[in-house]
Amino acid sequence: LAPCVDFVANSGCQLVMQVPHMNLITSILSILNGVLPELRAEKDTPLSTTQLERVVLFGCLWSFGGLYETEDRHVFQEFLRTLTSALPPDCQDIDAYCWTFNDKFEWLQFVADPLKVANPDELEFASLLVPTVDSLRVQRLIGLALGQKRPTSLIGGPGTAKTSIAVMYMGNQKDSNLSFKQINFSSATTPSIYQNIIESCIDKRSGKIFGPPGGKRLLCFLDDVSMPEINKWGDQITLEMIPVSYTHLTLPTKRIV
């Protein structure tokens with residue numbers, strides 16, 4: 001990992017956002033923790049060196065290279081090729097970022113399946129969400145993070161499909177123990193409004209412990225979190241409720257499970 005950190009520090013490539021080097025290491029460890037199987041018994045076979053190398057390269061591509069725009073991603077990819085020959089093949093418009101791996105940890109290309117519509121006559125075109133390679137890649141990373149109960153943030157300019165990708169991810173979940181809630185922030189959203197919305201999705205279980213009805217888990221999508229009003233001190237006090245409710249799983253006077 002040291003050569004990758006040196007590349008970020010000295011290559012001259014422009015990061016989309018500046019992050020401490022420690023966060024880069026945290027990101028790749030999170031990816032590895034989400035991808036690598038847990039060996040629960042002596043009979044479980046550990047991954048081979050080749051398989052482990054693919055997993056680490058996948059983590060490097062998205063923890064270090066994921067912070068670059070497309071051109072600089074290619075530069076980082078070519079840098080990795082000077083260190084190893086285990087990267088997937090690069091041909092035409094298909095680069096290393098277009099690959100994931102299957103259950104045997106062999107390289108597998110991201111492919112967006114053709115859109116299938118059950119009843120074309122009832123299709124609402126305005127609400128149509130078409131999966132693409134980009135959306136599949138982001139959903140893969142979201143799944144790795146949420147599988148470890150790590151909050152995930154999608155950052156990008158207007159029209160970059162952040163909301164669509166989040167909605168597609170929630171729509172693809174088959175877990176019957178999950179309930180979903182989309183909260184749209186605006187300049188009028190206050191901490192009390194946010195708390196009231198969260199409280200409307202949960203029931204009392206015991207004492208000060210609350211949770212979604214039916215013993216389910218709650219997956220929240222917070223849209224447009226940059227919208228709440230900035231006060232005269234430069235703070236967005238509504239956003240201060242987010243790490244309290246999701247990192248510590250608490251609200252004032254309540255504990256959420």
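Residues are numbered from 1 along each chain as its sequence is written, and side-chain values rest on heavy atoms, with hydrogens and water left out. Because the model is predicted, local features require a pLDDT of at least 70 and side-chain atom pairs are counted only at pLDDT 80 or more, whereas totals for chains, interfaces and linings use all residues.

The chain contains 8 helices and 8 strands; these are DSSP runs numbered from the N terminus, with helices (H or I) of at least four residues and strands (E) of at least two. The C-alpha trace spans about 55 × 50 × 50 Å along its principal axes. Of the 257 residues, 32% count as buried, where buried denotes under 20% relative accessible area, exposed over 50%, and partly exposed the range in between (1.4 Å probe, protein chains only). Among contacts (heavy atoms within 4.5 Å) with a separation of 6 or more, 60% are made by residues 24 or more positions apart.

In soluble globular proteins, nonpolar side chains tend to be buried together. A nonpolar core is defined here as a set of buried Ala, Val, Leu, Ile, Met, Phe, Trp, Tyr and Cys residues joined through side-chain atoms within 4.5 Å. The largest such core has 32 residues, and Phe64 and Phe76 have the most contacts inside it. At least two residues of this core come from each of helix H1 (2-10), H2, H3, H4 and strand E1 (99-101), with H3 giving the most, 6 residues. A second, separate core comprises 9 residues, including Ile142, Met168, Tyr169 and Leu178. Phe76 counts as buried at 0% relative accessibility. Beyond its neighbours within four places in sequence, Phe76 is in contact with Cys4, Phe7, Cys60, Leu61, Phe64, Gly65, Tyr68 and Tyr97.

A pair of aromatic rings is described by the distance of the centres and the angle of the planes. Rings of Phe, Tyr and Trp (its six-membered ring) are paired if their centres lie within 6.5 Å; planes under 30 degrees apart count as stacked, over 60 as edge-to-face and the rest as tilted. The whole structure holds 11 aromatic pairs. In one of them, the ring centres of Phe7 and Tyr68 are 6.1 Å apart and the planes stand at 85 degrees, so the pair is edge-to-face. This pair links distant parts of the chain, as Phe7 belongs to helix H1 and Tyr68 to the loop between H3 and H4, 61 residues apart. Both partners count as buried, Phe7 at 10% relative accessibility and Tyr68 at 2%. Phe76 and Phe79 form a tilted pair, with 6.2 Å from centre to centre and 35 degrees between the planes. These two residues are separated by about one helical turn because they lie 3 residues apart in helix H4. Phe79 is partly exposed, at 21% relative accessible area. Phe7, Phe64, Tyr68, Phe76 and Phe79 together form one aromatic cluster.

The largest pocket holds about 1,800 Å³ of space. Its 47 lining residues include Gly66, Leu141, Ser153, Leu154 and Ile155, which are the closest to its centre. On a 1 Å grid over the protein atoms alone, a cavity is a set of points where a 1.4 Å probe fits but cannot get out, and a pocket is an open set with protein on both sides within 12 Å along at least five of seven lines; lining residues have an atom within 4 Å of a point. Grid points are joined across faces, edges and corners, and the volume is the space filled by probe spheres set on the points. Helices H2 (21-35), H3 (49-63), H4 (70-81), H5 (133-146) and H6 (162-171) each supply at least two lining residues, and the largest share, 8 residues, comes from H5.

Two residues other than glycine have a positive phi: Ala161, near 70 degrees, and Asp224, near 60 degrees. Ala161 is located in the loop between H5 and H6 and is partly exposed, at 37%. Asp224 lies in the loop between E6 and H8 and is likewise partly exposed, at 44%. Met227 also occurs in the loop between strand E6 (217-223) and helix H8 (241-247). Leaving aside neighbours within four places in sequence, Met227 is in contact with Phe185, Ser186, Ser187 and Gln236.
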